[in-house]
Amino acid sequence: MLKSITRLSAAGVLVLAGLSVAAAQQDAPAAAESKPEETALPHFPLEEPEEMEWSFAGPFGKFDQQQLQRGFQVYREVCSACHSMKLVPFRALGWEGGPHFSEEEVEALAAEYQIQDGPDDTGEMFERPGRPSDYFPAPFPNDEAARYANGGAVPPDMSVLAKARGVERGFPQFLIDIFTTYQEGGPDYIHALLTGYEDEPPEDVTVLPGQYYNPHYMYAAALAMPPPLFDDLIEYAQNQDDDPNNDVPQTVDQYSRDVAAFLMWAAEPHMETRKAMGFTVIAFLLVFCGLVYYVKRKVWANVEH
């Protein structure tokens, strides 16, 4: 009797389970019809940066000293109002392979900044003129002050910006980049961003108040930073000498090129030394491999194989 009841209970459970599955299958098309269509997220940046020509490109590339000095002028007169460069010391401006200002010029440039120091004998902090050993001070005392002054966005530090903002290039382009030693993605992106502002966004792009449409921005279609550069905004010191052949155009494109090159140097100030050392190592390895092959042939020349 007990076995019969158990069998009937099990059969009832199976029947109910079958009815539930059938009901679910009948409701599946209706559920599928009511499910909203999935929309693909936009891919940023909307436009890839153009690959530019740089003096420091390639395994034998070097920085243009005059371009770095112009780029530093653009940073000091425009970018430094919002962006810090706290990992770069003033003395680096005098290093070979960089802007290579004289010692007197570096001391004068550092003295233009006020550096917080201390505490003094009374335990108070104080400000003093900068020294070559100091680092570039931030324009804001903290992130909260920077966020408040810039509409809720903290301007990124520019010390390694040119290395951090390189746009990823998918397969097979990244394989080609290995052999061509392409490392200019950051400067290409910075130049494209600074020159890529557009007044009217496309109809399918929504730009919120306080934002500016730029299809080259890698995180969205618009950003909070307004266009920072305009033609003839900065009068280059290089253009103030007596040699007109040394003049460069004072345009947004030229400003963007110069500051992008300067930020590349700031992110990797010893790039020229690294490239020279890499070439020396490769040359040594080639000679060493030739010697090893010659010794192997000499040692085993009289041994039957």
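What follows is a chat about a predicted model of one protein chain.

User: Hi! How many helices and strands does the protein chain have?
Analyst: Hello! This is a predicted model, and its chain has 9 helices and 4 strands. Along the sequence they run α-α-α-β-β-α-α-α-α-β-β-α-α.

User: Nice. What share of the residues count as buried?
Analyst: Of the 305 residues, 31% count as buried.

User: And the contacts, how much comes from residues 24 or more positions apart?
Analyst: Such pairs make up 62% of the contacts with a separation of 6 or more.

User: Which of them gives the most to the lining?
Analyst: That's H7, with 4 residues.

User: Which residues lie nearest the pocket's centre?
Analyst: The lining has 30 residues, and those nearest the centre are His-83, Pro-155, Pro-156, Leu-223 and Met-225.

User: Back to H7, then. How many of its residues are buried?
Analyst: H7 is mostly covered, with 10 of its 11 residues buried. Among them are Gly-185, Gly-186, Asp-188, Tyr-189 and His-191.

User: What do the buried residues of H7 pack against?
Analyst: They pack against H5, E4 and H8.

User: I've been looking at Arg-165. Where does it lie?
Analyst: Arg-165 sits in the loop that joins helix H5 (161-164) to helix H6 (173-180).

User: Is that one buried or exposed?
Analyst: Buried, and yet Arg-165 has no salt bridge.

User: Then which residues does Arg-165 touch?
Analyst: Leaving aside residues up to four places away in sequence, Arg-165 touches Pro-156, Gly-185, Gly-186, Tyr-189, Met-218 and Tyr-219. Gly-185, Gly-186 and Tyr-189 are among the buried residues of H7, and Pro-156 is one of the residues nearest the centre of the largest pocket.

User: Last topic: which residues does UniProt list as "transmembrane region"?
Analyst: The UniProt entry, which is unreviewed, lists residues 276-295 under that name.

User: And what does the chain look like there, helix or strand?
Analyst: Residues 276-295 are 100% helix and 0% strand in the model, with the end C-alpha atoms 29 Å apart.

Terms used:
Residues numbered from 1 in each chain as written. Predicted model: local features only at pLDDT ≥ 70, side-chain atom pairs only at ≥ 80, totals over all residues. Heavy atoms only, no water. Helix = DSSP H or I, 4+ residues; strand = E, 2+ residues; numbered from the N terminus. Buried < 20%, exposed > 50% of the residue type's maximum accessible area, 1.4 Å probe, protein only. Lys, Arg positive; Asp, Glu negative; His and termini not counted. Salt bridge = Lys/Arg side-chain N within 4 Å of Asp/Glu carboxyl O. Contact = heavy atoms within 4.5 Å. UniProt positions renumbered as here; feature names shortened; annotations may be inferred. 1 Å grid on protein atoms, 1.4 Å probe; cavity = no way out; pocket = protein on both sides within 12 Å on 5 of 7 lines; lining within 4 Å.
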